[in-house]
Amino acid sequence: MEHLDKLEAQSIYILREAYANFKNLCMLWSIGKDSTVMLWLARKAFFGHVPFPLVHIDTHYKIPEMIRFRDQIALDWGLTMVIGQNEEALAAGMGPGRGRLTCCTALKTRALKQTLDGTGPRYRIQPDGSYAPDTDREPYTGVIVGARGDEEGSRSKERYFSPRTKENDWQLDDQPPELWNQFKTDFAPGTHIRIHPLLDWSEINIWEYIAREGMPITSLYYDTGSGRRYRSLGCAPCTGDVASTASNPFEIIEELRNTNIAERSGRAQDQEDPHALERLRRDGYM
Amino acid sequence: MPMNLTTFEAPAREQLSLVIVGHVDHGKSTLVGRMLADTGSIDPGRLARVKAICERQGKRFEYAFLLDALEAEQAQGITIDAARCFFHGEQRDYILIDAPGHIEFLKNMISGAARAEAAILLIDAEEGVQENSRRHGYLLSLLGIRQVVVAVNKMDRIGYDQAVFDRVEREYRDFLGQISVTPAAFIPVSALEGGNVVTRSAPMPWYQGPTILQAMERFEKEAEPADQPLRFPVQDVYKFNRAGDARRIIAGRITSGTLRTGDEVVFLPSGKKTRIKTIEAFNADALPGTAQAGQSVGVTMTEQIYASRGDVMCHPDRPLQVSNRLRVNLVWLGRAALRAGQVYKLKLGTFSGLCEVERFIEVIDASALRDSGHEDRVERHEVAEVVLRLRDPIACDLSHEFADTGRFVLVDGYDMAGGGIIREVLSAGEKKGPVRWTSEVGSIDRRLRETRQGHRAVVVALHEDLEGTAESLAAAIEESLWTAGRHVFRLRFEAVDVIQPRPGELNLRTACFGRVAALANAGQVVLATIPFAASVTQQDVLRLPGLESVPCAQVRFRGDRDDALDWVLDPAHGERELHEEVRRRLDPLLALGS
């Protein structure tokens, strides 16, 4: 088997294990390349269907093209799209001006926590593409996340199935053992499990797969004439683009083979402190 | 200028996963950090940043810091969890798994090593063979990792002395020989200076063998066993009715062998036979005619036989063994010791079932390869040979013939507490539950009660496989039956079967089943909601003791089988419709003489 086929088979296996073991399951979709590949893998795993909701945390500062792409794909593929937002913090004027990590904590970490446990607002897509309050307020006990092991140090220590406490904490120094594709599917009430189907994928594998499958991806990753493109997507104020003329997956693969600049170098929040992302992740950040 | 897509070739490179193991502080992270730095695999920005942080904090820069990313790890100077990093070699790519050497983090070492295809075992030349050098060597053999290279590190600390190197090699080769591990090479290394890691070490001209990198390039990629007998553990059965999809797809990952359209197949342990009608695919021009080991696929059958998660599909001429007694080797990681009389959950492939230890054959201390001195339990970090007895039969193989269907893990409470391999499948023993209580009932039996009350007793198991639905449906049925003058009793099972009963305490799972049986024998219509993913299966309910002639209906929202006693409801229906449908099917069962 080719390497990409192996990665695909393992990710599909993990997605099916998640579906078989968790009743209240959801998948986080950030609209970025990784979680879009993960969504595509789910359609493969379930033969064209996605039998659980897709959850997007809308910080209100996302690049508008991301929102357009999200709603288009959600309608085209018949997804159960659910949006969460920290409306309280936004009403109180939260934004990157208050400090990047403060903003991330409020609009991402906090918003995610209350969307997952059902205490915050959830909006569900309607057949006409609009959003209405979601009647389902059950906490999600299984949360599928597109984290990759090569992104950053603390992510390389993740499990495929990784338990989180009631407070969303990741207990790094006491992770469960994981062997032979046997995952942690037993968990105490109130806690939940994060599921990581893409742990073994590298950034270049993601693009190789996008190219092979001919699957759609937001155009923000491609240069459309300005000589610049995004390599990693986040909120508009805190995500920098990079100088590049790559305008399709093949050119991006070529470019990645000749660089050793870190993928998240355009993400401002990582630069503030060497352990910034680990702390964010321990607190529940994706 | 867009590229010519038809001539673009982007084969993803071969990838080998390699674990670095050994005693604490023998230099595993340093070796990996050095390898990354010397092959230019590290973002120079990251290297500069880590160096700057060290300077700012007044610490000496260490290559290990490149791997030991967690705050606690850098503060304590040890690796806590296995880290993976990607490394580009000449011929192929590597995932290097840096496993912790500290005994407290043995479960993390095992998690890291279980993903690897080859291993580098590191030994400190100065300290020599230590406790975890032996323990890790033993575990590699238990985990089935056959390709091993031993690096004798810190040669710079002992003046690059060949005599010391030879002594360590002799001692460790001897130990590994006892557990049938034959290393491909012993390499003297200075990870700190980079000697014999990527480049040759000038102070050790006496060593002519491969460097670490060269030894890595010589490891062989293990091929998927496509030419072996077929093993297809059933992961799930899909029928996405709601989306207008009528296919009934049996999904799973082939762990061995090759599957073809038209093949006759058998499902074990049930023994049911059918043929493969199609191999399904998404985003493909045509359906594939074959599928082989390693692939996650889905198939449809010519006849709709009942198969479920935990069954294994194979060809009739090369079946798995079926039994409920297994002789196994295992390593125990649980905080509480493995003991007889306690109930554990055994997971093998997609199978999950309850088991207990029937007999301890041998309990050994893997750090010294000697008897542990006790034979009634297995303590944390010990390895043992035991006989396990399962509550229900399992389809499995011997681990040396089929890796994936020959190894298992044990779950204690909520936590995975051990893993092991099957050495022998023993003849099936008498089926015994963990609790052996019996009771006698009075002379007014169920039939008499049913005649007097004018309706039969029925058990309805409502599976909570769709959020919130089963519970409210059960409540509505209870109310309407009660209003209609029926004798009805509703209860909800809790998923407590995985929690250990304390000695002397009744097993809660047995207690739940016992209540259902008692209520039904008292003539009641019993509505039992059953939590999803609890290890309560349909068979459990159907085989409730003492209920042989009471109809037991299943109500589910997911699944495919729909017959007189197995009702799959459409979750798109509203509560009223669901209630009416259940009553429509339940009422005939209540009639006397039915």
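Which residue of β26(B) does B:Phe489 stand opposite? I found B:Val526 there.

I worked on a predicted model, in which local features need pLDDT of at least 70, side-chain atom pairs count only at pLDDT 80 or more, and totals for chains, interfaces and linings use all residues. Residues are numbered from 1 along each chain as its sequence is written, and chains are lettered from A and ligands numbered from 1 in the order in which they are written.

Entry on β26(B). I noted that strand β25 (residues 488-492) of chain B runs parallel to β26(B) and is joined to it by five bridges. Strands are DSSP runs of E, at least two residues long, and helices are runs of H or I, at least four, numbered from the N terminus; two strands pair if DSSP finds at least two bridges between them. Strand β24 (residues 458-464) of chain B also pairs with β26(B) in the parallel sense, over seven bridges. There, B:His463 has B:Ile530 as its bridge partner. In β26(B) (residues 525-531), six of the seven residues are buried (20 or more other C-beta atoms within 10 Å of the residue's own, C-beta atoms being placed from the backbone).

Entry on the barrel. I traced a closed barrel of six strands in chain B, β7-β8-β13-β11-β10-β14, with antiparallel pairing. Within it, I recorded four bridges between β7 (residues 232-238) and β8 (residues 249-253) of chain B. B:Val237 has B:Ile250 as its bridge partner in β8(B).

Technical notes:
Buried ≥ 20, exposed ≤ 12 C-beta atoms within 10 Å, placed from the backbone.
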